[in-house]
Amino acid sequence: MSRPSLRALRAAVFAAACVLVSAALHGLAGGGPVRLEVMLAALALAWTGAYLLGRHQRGMEVLLAACFATQYGMHHLFSTGAVTPVPPSHEHGSPVGMLLVHAMTALLSAWWLERGESALAALLHLAVTTVHRWWRILSVLAGTLVELAPQALHPSHDERVDCPQSWGAAAIPRRGPPLRFSLL
């Protein structure tokens with residue numbers, strides 16, 4: 001879970017979903033559309049925060065605090081970076097409505113992160129465990145085949161084949177009289 005490439009991918013998915021949903025809801029609450037460069041800045045900031053927090057699995061308290069801080073920052077960033085600049089005095093919509101939109105998005109994001117991280121961790125654990133089991137089985141089979149291969153590929157006519165008694169020793173042909181008669 002903490003490998004940099006996997007962390008970067010998880011952070012990118014989270015940042016894209018979080019910023020796009022937040023920008024859409026911000027606009028629906030009366031904030032207006034957001035300029036592209038402001039969206040890219042919000043994506044970069046959200047990605048950085050998600051990447052830094054993604055090193056370890058976090059609890060709901062940490063995720064909720066981080067998501068509320070992110071939404072607070074995005075609200076101000078979107079308000080100052082709107083296509084038609086709107087002063088941050090909340091003239092673009094009701095302050096209560098805007099607060100509810102960002103609070104709801106923060107709660108949803110924190111819940112999604114917490115559940116998603118748990119599900120992803122469980123899924124990766126199952127995948128690694130399954131792959132490890134198959135690898136162990138294949139290693140045992142490969143080891144057995146490697147041990148059998150020299151004899152199977154290069155049989156020697158001078159060597160005797162030793163078979164355990166439990167393997168049907170009666171089926172092994174022998175020359176000469178049976179042992180009980182040869183002792184006389």
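**A walk through an all-helix model**

Of the 184 residues of the protein chain, 22% count as buried; buried means under 20% relative accessible area, exposed over 50%, and partly exposed in between, with a 1.4 Å probe and protein chains only. This is a predicted model, so local features need pLDDT of at least 70, side-chain atom pairs count only at pLDDT 80 or more, and totals for chains, interfaces and linings use all residues. Residues are numbered from 1 along each chain as its sequence is written, and side-chain values use heavy atoms, with hydrogens and water left out.

Start with the fold. The protein chain has five helices and zero strands. Along the sequence the pattern reads α-α-α-α-α. Helices (H or I, at least four residues) and strands (E, at least two) are DSSP runs, numbered from the N terminus. Contact means heavy atoms within 4.5 Å.

Now take α1. This helix has 28 residues, yet its end C-alpha atoms are only 36 Å apart. A straight helix would reach 40 Å at 1.5 Å a residue; the expected span is 1.5 Å times one less than the number of residues. The buried residues of α1 include Arg-7, Arg-10, Ala-11, Phe-14, Ala-15 and Cys-18. An α-helix has 3.6 residues a turn, so residues three or four places apart point the same way. Ala-12 also lies in α1, but it counts as partly exposed because its relative accessible area is 34%. The C-alpha atom of Ala-12 is separated by 9.0 Å from that of Ala-44, 32 residues apart along the chain. After α1 comes Gly-32, with a positive phi near 85°.

Helix α2 gives another result. Its 18 residues should span 26 Å at 1.5 Å a residue, and its end C-alpha atoms are 26 Å apart, which agrees. Its buried residues are Val-38, Met-39, Ala-42, Ala-46, Ala-50 and Tyr-51. What covers them includes α1 and α3. Look at Val-38 in α2. Val-38 counts as buried because its relative accessible area is 7%. Leaving out residues up to four places away in sequence, Val-38 touches Leu-77, Phe-78 and Gly-81. Val-38 and Phe-78 are 40 residues apart in sequence, but 7.0 Å apart in space, C-alpha to C-alpha.

Next, the open space. The largest pocket has a volume of about 550 Å³. Of the 29 residues that line it, the closest to its centre are Arg-10, Ala-11, Phe-14, Ala-50 and Leu-113. On a 1 Å grid over the protein atoms alone, a pocket is an open set of points where a 1.4 Å probe fits, with protein on both sides within 12 Å along at least five of seven lines; lining residues have an atom within 4 Å of a point. Grid points are joined across faces, edges and corners, and a volume is the space filled by probe spheres set on the points. Helices α1 (4-31), α2 (36-53), α3 (60-80) and α4 (95-153) each supply at least two lining residues. The lining divides into 18 nonpolar, seven polar and four charged residues. Ala, Val, Leu, Ile, Met, Phe, Trp, Tyr, Cys and Pro count as nonpolar, Asp, Glu, Lys and Arg as charged, and the others, Gly among them, as polar.

Finally, the charged pairs. The whole structure holds two salt bridges, each a side-chain nitrogen of Lys or Arg within 4 Å of a carboxyl oxygen of Asp or Glu. Arg-35 pairs with Glu-37, with the closest N and O atoms 2.8 Å apart. Arg-35 is partly exposed at 31% relative accessibility, and Glu-37 is partly exposed at 48%. Arg-115 pairs with Glu-114, with the closest N and O atoms 3.3 Å apart.
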